[in-house]
Each structure stands twice: as structure tokens, then as C-alpha cells.
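The tour begins at a single side chain and then widens to the whole chain.

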Amino acid sequence: MKKVKIILTLSLVWIIFIGYLTWYNKPNTFQWDEWFWFGITPALAPYLFLLIWKPDIFAKYVRCIKDLFNSNT
């Protein structure tokens with residue numbers, strides 16, 4: 001369970017960090033295309049490869065994420 005939390009946290013931190021760098025580069029505008037290609041795509045690519053190559057592990061991973069949000073602790 002801790003491994004799932006760490007992986008999700010790293011993915012979200014990456015997306016937020018790239019969003020900040022995109023905004024910091026040009027503060028008056030936000031480059032959505034740069035944020036998508038350099039933030040969202042690299043953060044989601046490992047999950048897509050896991051879905052394609054190892055769907056049983058991906059299903060277990062999704063089940064673990066659901067349990068993470070359904071737990072009361």
C-alpha cells in the first residue's frame with residue numbers, strides 16, 4: 001500500500017511541478033500544450049504501459065487504489 005501511495009504522490013508532484021515551471025516561464029499566460037506534453041503525458045505513460053503489457057498487475061494496482069480511497073484509516 002505504501003508503494004502505491006509513493007507512486008501516486010510522485011506522479012502528482014511531477015504534474016504540479018511541471019505546471020509551475022510552465023507558468024513560471026511565462027507568468028502572464030499558461031501554456032496548456034507544454035503542460036500536457038511535458039507534465040501529464042510523462043506522468044501517465046507508466047500506467048498506460050502497465051495496462052498494455054501487464055493488465056493483471058494493473059487491475060491489482062487499481063484495486064489497491066480503490067482500497068486506498070475506501071479505507072477509513
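Select tryptophan 23 to begin: its relative accessible area is 40%, so this residue is partly exposed. The term covers values between buried, under 20% relative accessible area, and exposed, over 50%, with a 1.4 Å probe and protein chains only. The model is a predicted one, in which local features need pLDDT of at least 70 and side-chain atom pairs count only at pLDDT 80 or more, while totals for chains, interfaces and linings use all residues. Residues are numbered from 1 along each chain as its sequence is written, and side-chain values use heavy atoms, with hydrogens and water left out.

Tyrosine 24 counts as exposed, at 55% relative accessibility, whereas tyrosine 20 is partly exposed, with a relative accessible area of 43%. The rings of tyrosine 20 and tyrosine 24 have centres 5.8 Å apart and planes at 25°, so this pair is stacked. Rings of Phe, Tyr and Trp (its six-membered ring) pair if their centres lie within 6.5 Å; planes under 30 degrees apart count as stacked, over 60 as edge-to-face and the rest as tilted.

Helices (H or I, at least four residues) and strands (E, at least two) are DSSP runs, numbered from the N terminus.

With the three side chains still shown, which residues do ring pairs link into a cluster? They are Tyr20, Trp23 and Tyr24. For the protein, the count of aromatic pairs comes to five. One of them joins tyrosine 20 and tryptophan 23, whose ring centres are 5.9 Å apart with planes at 40°, so the pair is tilted.

Finally, select the whole protein. Its secondary structure comprises three helices and zero strands, in the order α-α-α along the sequence. The C-alpha atoms fill a box of roughly 40 × 30 × 15 Å along the principal axes. Buried residues make up 21% of the 73 residues. Among contacts (heavy atoms within 4.5 Å) between residues at least 6 apart in sequence, 55% join residues at least 24 apart.
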